[in-house]
Structures are given as C-alpha cells and as structure tokens.
Amino acid sequence: QNDMFFQGDKEKWKAAANTLKARYYMHWVETDIAYCDSALFYSGSGISSLEGTMKTLHGTESSEQNMWYQFGQDRQDYMVAGFNLVDLLKTNNDPRDSIYFGKVAGSINGASPNPDDVEGAGVKGKSYLNEEYFGADASIDIISYEENLLIKAECSYRTDKFSEAQEALQDAQTAAEEKWGFEEDTFPDISLTDTALRDKIIEEKYIALFLNIELWNDY
C-alpha cells in the first residue's frame, strides 16, 4: 500500500529494473559494441507496456508540485522552448509540438541558440511547457516503455538486425500515438534503411524522452 509507483506489482518493478540495466549498458556501447548484446538481453524482459512506465508522482500542493511547473511559476522567463526541437517537430508535422509546448500569440516558438539571430534570440515571445500536460500535478517519465523500445531499436541496428530495429522503432511510435491519444497512423510506417534508420531512431529517442536527463548521455 506504500508503493507509490506500481502498487506492489513486483513484475513491473522487475521490468523497470531490467530496462534500467539496459540503459546503463547503453552508456558503454560507444566503447564496446558487445554491450549491445547485454542491452538487448535486458530490454527483452524490460518494460513491456505504457502501464509499466515509472513516473514521478506530484500533487497540487506547493510542496508536491511538478518541478518543471514550479520552476516556471517561480522563475518565469528564465527558460523557454529551444528552437531546434520546436523546428524538428514542426518540420516532421509531429503533433507532439502542441503537447509539449504552449502557444504564445497563437503559435509555438523556440529560442534560437544562434546569438546572431536577433529575431529568435531571447525568451520574449517564446513558448514554455503546455500546462495542460505539464501542470502542477503532472507526472514525468523516469524510465519508460518508449525508452525500452528505442534501446531495442538502436542496439538491433548496431548489431545488423535491421528488421528488428525497424519493428522496435515502429512500436515506439505506436506507443507515442497511444500515450498522447493521437489517431492511428499519425506517424508513417518505418521503411528506412542504413544510416537513415539509425538517425530516425536517435531522433525519435530525442523527441520521446522529452524532459528526461538521459538525453544528455545520448548527446
């Protein structure tokens, strides 16, 4: 009764632990591709559904609020959406742009990292998080079903299991459709090959793990 994450479901705890192991093996893959075999092994018994995602728990009381919401309330205009992610989502016609970010004067705008871009620089007129999805009591993924699938996708690609990589990437995008309530086939079928497939896997992980510090390890 005191288990705030999985309400005492031991199998969900085991699955989360296995995905966590897969994540840590991914940190070592750049030094030795053989670690992909271990990552694939643990992701194979890792989180297997959206219900298995481990999330933070928050409430509307000031001492329980989501930290991103608190930051926006206490330090308004300290931090806004970045141009690169906003532009990527718009270019891909990815509806997660309006899930992640709120509109300012009717549009979603990101701050440019280019100091010479006078129009795009600074926080004025730029978007912050969409409070409908990232409000005071919003949960944030700690370790997720999507990450587990994208670990499978990347390591399958790196070990020349290209059809498995395509399938895992497709499953990750299907999971995103279900997670955010999008229509089926919002994202196109995966038929990419070679480096285009690799790049799409990394791109999807960059988008799907929004607000997760694990992206810094990928970077």
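Predicted model: local features only at pLDDT ≥ 70, side-chain atom pairs only at ≥ 80, totals over all residues.

**Cores, a disulfide and ring pairs**

Modeller: Residues are numbered from 1 along each chain as its sequence is written, and side-chain values use heavy atoms, with hydrogens and water left out.

Colleague: Which residues touch the most other members in the largest nonpolar core?

Modeller: In general, nonpolar side chains in soluble globular proteins tend to be buried together. A nonpolar core is a set of buried Ala, Val, Leu, Ile, Met, Phe, Trp, Tyr and Cys residues joined through side-chain atoms within 4.5 Å; buried means under 20% relative accessible area, exposed over 50%, and partly exposed in between (1.4 Å probe, protein chains only). Here the largest has 22 residues, and Tyr145, Leu150, Leu169, Leu197 and Ile201 touch the most other members. Two or more residues each come from α6 (145–158), α7 (162–180) and α8 (194–208). Helices are DSSP runs (H or I, at least four residues), as are strands (E, at least two), numbered from the N terminus. Another core, of 20 residues, lies apart from it and includes Phe101, Ile140, Phe187 and Ile207.

Colleague: How many disulfides does a search of the whole structure find?

Modeller: A disulfide is a pair of cysteine sulfur atoms within 2.5 Å, and the search finds one. Cysteine 36 is joined to cysteine 155, S to S 2.4 Å. The link is left-handed, with -80° about the S-S bond. Cysteine 36 sits in helix α2 (residues 35–43) and cysteine 155 in helix α6, so distant parts of the chain, 119 residues apart, are linked. Cysteine 36 is buried at 0% relative accessible area, and cysteine 155 is also buried at 0%.

Colleague: And the rings: how many aromatic pairs does the structure hold?

Modeller: Rings of Phe, Tyr and Trp (its six-membered ring) pair if their centres lie within 6.5 Å; planes under 30 degrees apart count as stacked, over 60 as edge-to-face and the rest as tilted. The structure holds 18 such pairs. Tyrosine 100 and phenylalanine 101 are edge-to-face, 6.3 Å centre to centre with 90° between the planes.

Colleague: Why is the pair of tyrosine 100 and phenylalanine 210 stacked?

Modeller: Because their ring centres are 4.1 Å apart and their planes at 15°. Both are buried.
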